[in-house]
Amino acid sequence: PFPTRRSSDLRIAIDAAANRALVVDQGLRAVIAMDLATGARTILSDATTPDDQNPFRTPSGIFIDAVNNRALVADQSLQAIISIDLSTGARTILSDLATGTGSPLLTPIAIAAGFSAQQVLVIEQTFNAIYGVSTEDGDRVTVSR
């Protein structure tokens, strides 16, 4: 089985194009951008930044999809993969129970590069599985169970 995460866990991804690290903070329910040269931190995306659409509840993993200028965040409580525009911080749903087809996404806890630029791998804790999630339409397939 996959380990559970503590609420204080932080997840980090490098946005090389912008020379920054993106940090998922579950306590703040936010993605924080940290300038790698200066260490300065700003909120890239949270419940009110840049707007109140699709706010995080329990963000738990992050992946930079540089091809599409976005970060993909696994959110356990939303049962979703959220797409964040790297320029604006705007959030949209890439995959959840209503968006995309295939294996149900109940407790996504981590996200990483997939077999191609059109897929990410997501650890699905409820089913103790790894899903391949399409970066184009959010469709899900079971890769390992």
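Guide: S83 stands opposite T92 in β8. This is a predicted model, in which local features need pLDDT of at least 70, side-chain atom pairs count only at pLDDT 80 or more, and totals for chains, interfaces and linings use all residues. Residues are numbered from 1 along each chain as its sequence is written, and side-chain values use heavy atoms, with hydrogens and water left out.

Visitor: How do you know that β7 and β8 are joined?

Guide: Strands are DSSP runs of E with at least two residues, numbered from the N terminus; β7 covers residues 80–85 and β8 residues 91–95. Two strands pair if DSSP finds at least two bridges between them. Four bridges join antiparallel β7 and β8, so they count as a pair. They form a hairpin with five residues between them, and G89 in the turn has a positive phi of about 85 degrees.

Visitor: What makes β5 and β8 edge strands?

Guide: The open sheet has the order β5-β6-β7-β8, with antiparallel pairing. β5 (59–65) and β8 each pair on one side only. Its neighbouring strands are turned by 30 degrees against each other on average, direction ignored; axes are lines fitted to C-alpha atoms, and angles run from 0 to 180 degrees between N-to-C directions.

Visitor: Why do β5 and β6 pair?

Guide: Six bridges lie between β5 and β6 (residues 70–75), which therefore meet the pairing rule, in the antiparallel sense. P59 stands opposite D75 in β6.

Visitor: Which strands form the other open sheet, and in what order?

Guide: The order is β9-β10-β11-β12, and the pairing is antiparallel. Its edge strands are β9 (108–113) and β12 (140–144). Between β9 and β10 (residues 119–124) there are five bridges, and A110 stands opposite I123 in β10.

Visitor: Which residues is L97 in contact with?

Guide: L97 is in the loop between β8 and β9. Contact means heavy atoms within 4.5 Å; neighbours within four places in sequence aside, L97 touches Q79, P104, L105 and L106 in this sense.
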